[in-house]
Amino acid sequence: MESVSTALVTSFTSVASSLTGIIGDVLPVALPVVGAVIVVTTGIRIFKKIVTK
């Protein structure tokens, strides 16, 4: 039973390491895109408030 436990721990550690690497690769691309979407959405919201007054 201990060998199964060790194998699971090793597998999950490997998966966690891979996911951390993937997140590190994707984050520099995703942050500016998300930031741009937030800026555009906020700008549209403010523009609509100004126009409707």
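Helices (DSSP runs of H or I, at least four residues) and strands (DSSP runs of E, at least two) are numbered from the N terminus. This is a predicted model, in which local features need pLDDT of at least 70 and side-chain atom pairs count only at pLDDT 80 or more, while totals for chains, interfaces and linings use all residues. Residues are numbered from 1 along each chain as its sequence is written, and side-chain values use heavy atoms, with hydrogens and water left out.

View 1. Along its principal axes, the C-alpha trace spans about 70 × 20 × 5 Å.

**View 2. Here is the surface of the protein chain, which exposes about 4,800 Å².** Carbon and sulfur atoms supply 77% of this area, computed by the Shrake-Rupley method with a 1.4 Å probe; for residues, only the protein chains shown count as cover. How much of the chain is buried? Buried residues make up 0% of the 53 residues. Buried means under 20% relative accessible area, exposed means over 50%, and partly exposed lies in between (1.4 Å probe, protein chains only).

**View 3. Met1, Val4, Leu8 and Phe12 form a nonpolar patch on the surface.** Together they have about 500 Å² of accessible area. A patch takes residues with over 30% relative accessible area and no salt bridge, joining nonpolar side chains (Val, Leu, Ile, Met, Phe, Trp, Tyr) within 5 Å and like charges within 9 Å. A salt bridge is a side-chain nitrogen of Lys or Arg within 4 Å of a carboxyl oxygen of Asp or Glu. Valine 4 lies in helix H1, residues 2-52, and counts as partly exposed because its relative accessibility is 46%.

**View 4. Lysine 48 and lysine 49 can be found in helix H1.** Is lysine 48 buried or exposed? Lysine 48 counts as exposed, at 54% relative accessibility. From its C-alpha to that of valine 15 is 46 Å, across 33 residues of sequence. Lysine 49 is exposed at 55%, and its C-alpha lies 29 Å from that of alanine 30, 19 residues apart in sequence.

**View 5. Lysine 53 sits in the segment after H1.** Its relative accessibility is 85%, so lysine 53 counts as exposed. The C-alpha atoms of lysine 53 and threonine 42 are separated by 17 Å, with the two residues 11 apart along the chain.
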